[in-house]
Amino acid sequence: MALKDELTRELLEIKAVQINANDYFTWTSGIKSPIYCDNRLTMSYPAVRKKIVTAFAEKIAAMEEKPDIIAGCATAGIPHAAWLAEKLDLPMVYVRSKPKGHGKGNQIEGKISRGQKVLVIEDLISTGGSSIESAKALQAEGADVLAVFAIFTYGLKKATDQFAAEAITFDTITNFDALIEALVEDGKLTTTNKSELLEWRNSL
Ligand SMILES: O=P(O)(O)OC[C@H]1O[C@H](OP(=O)(O)OP(=O)(O)O)[C@H](O)[C@@H]1O
Ligand SMILES: O=C(O)c1cc(=O)[nH]c(=O)[nH]1
């Protein structure tokens, strides 16, 4: 089984994905959603988190330009960025959603120098707003952001449009469509549920 399919299935097995058709979740963007994917749970499963790092490392191996440094998006991107940086023996930083209100007032923690090639690691992309903000904070420090990688994307048009508008490349290990297919295969979603969820996603 391809790593993408293995990880899609494992997200379901560890119950990272919850569907509540009657009591919607609120996303960080304010969007109300019948589905929530809690990739933070992957931290608690060494075999799953190792596969995530392997999948990111495979994507890096296919990149023409290699990163000098790995940047994690606070907070859920940080552990995976750390494990990836460790595997590749690369330096790491993390990026806060906003500058710290005390201490040194940093938004980026760790050392970053102008011209360094950075790969941004995020756990999940909904609208893309959080990871794009992290990438822009790095660019403001003179970093060359090669790409944003995440475990999962909902595949929202808004995310594709926002990344394109900022000329930032992004890629993910798995996505909403693969997740929905796996749920249908497992008999956990009817084809009607599937159509409703895809329609909801496409309407955002
Ligand atoms: O693509 P977006 O619309 O920005 O949404 C995705 C972001 O939302 C979640 O973070 P959250 O704000 O819940 O914070 P956390 O990472 O600290 O848990 C997730 O971890 C992403 O960072
Ligand atoms: O957009 C979000 O805030 C969001 C969606 C989701 O499914 N999981 C998550 O951790 N955040």
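Mentor: One term before we start: a polar contact is a pair of N or O atoms within 3.5 Å. Also keep in mind that this is a predicted model.

Trainee: Fine. Which residues come nearest to ligand 1?
Mentor: Thr75, Asp123, Thr127, Gly128 and Ser130, out of 14 residues around ligand 1.

Trainee: How far is the polar side-chain atom of Thr75 from an oxygen atom of ligand 1?
Mentor: The distance is 2.5 Å, which is within the 3.5 Å cut-off for a polar contact.

Trainee: And what about backbone atoms around ligand 1?
Mentor: Gly128 has a backbone N or O atom 2.7 Å from an oxygen atom of ligand 1. For Ala76, a backbone N or O atom lies 3.1 Å from an oxygen atom of that ligand.

Trainee: Now ligand 2. What is it surrounded by?
Mentor: The residues around ligand 2 are Trp27, Thr28, Tyr36, Cys37, Arg40, Leu124, Ser126 and Tyr154.

Trainee: Which side chain puts an N or O atom 2.7 Å from an oxygen atom of ligand 2?
Mentor: That is the side chain of Ser126. A polar backbone atom of Cys37 is also 2.7 Å from an oxygen atom of ligand 2, and for Thr28 a backbone N or O atom lies 2.8 Å from an oxygen atom of the ligand.

Trainee: OK, helices. At what angle do H2 and H3 pack?
Mentor: About 60 degrees, with the axes 10 Å apart. H2 covers residues 46-61 and H3 covers residues 78-88. The two helices are therefore oblique to each other. H2 passes H3 in a right-handed crossing.

Trainee: Which residues make that contact?
Mentor: From H2, Arg49, Ile52, Val53, Thr54, Phe56, Ala57 and Ile60; from H3, His80, Trp83, Leu84, Lys87 and Leu88. By class, the contact of H2 with H3 has eight nonpolar, two polar and two charged residues.

Trainee: Next pair. How are H6 and H7 arranged?
Mentor: H6 (residues 176-185) packs against H7 (residues 191-203) at an angle of about 170 degrees, and their axes are 11 Å apart. That angle makes H6 roughly antiparallel to H7, as anything over 145 degrees counts as roughly antiparallel.

Trainee: What does H6 bring to the contact with H7?
Mentor: Phe176, Asp177, Ile180, Glu181 and Val184. In H7 they meet Lys194, Leu197, Leu198, Trp200 and Arg201.

Note on methods
Residues are numbered from 1 along each chain as its sequence is written. Chains are lettered from A and ligands numbered from 1 in the order in which they are written. This is a predicted model: local features need pLDDT of at least 70, side-chain atom pairs count only at pLDDT 80 or more; totals for chains, interfaces and linings use all residues. Side-chain values use heavy atoms; hydrogens and water are left out. Axes are lines fitted to C-alpha atoms, for helices over the stretch in contact, and angles run from 0 to 180 degrees between N-to-C directions. Helices (H or I, at least four residues) and strands (E, at least two) are DSSP runs, numbered from the N terminus. Angles under 35 degrees count as roughly parallel, over 145 as roughly antiparallel, 65 to 115 as roughly perpendicular and the rest as oblique. A crossing is left-handed if the near helix is turned anticlockwise from the far one by less than a right angle, and right-handed if clockwise. Contact means heavy atoms within 4.5 Å. Ala, Val, Leu, Ile, Met, Phe, Trp, Tyr, Cys and Pro count as nonpolar, Asp, Glu, Lys and Arg as charged, and the others, Gly among them, as polar. A residue is near a molecule or strand if one of its heavy atoms lies within 4 Å of it. A polar contact is a pair of N or O atoms within 3.5 Å; within protein, one must be able to donate a hydrogen and the other to accept it, and residues adjacent in sequence count only if both atoms are side-chain atoms.
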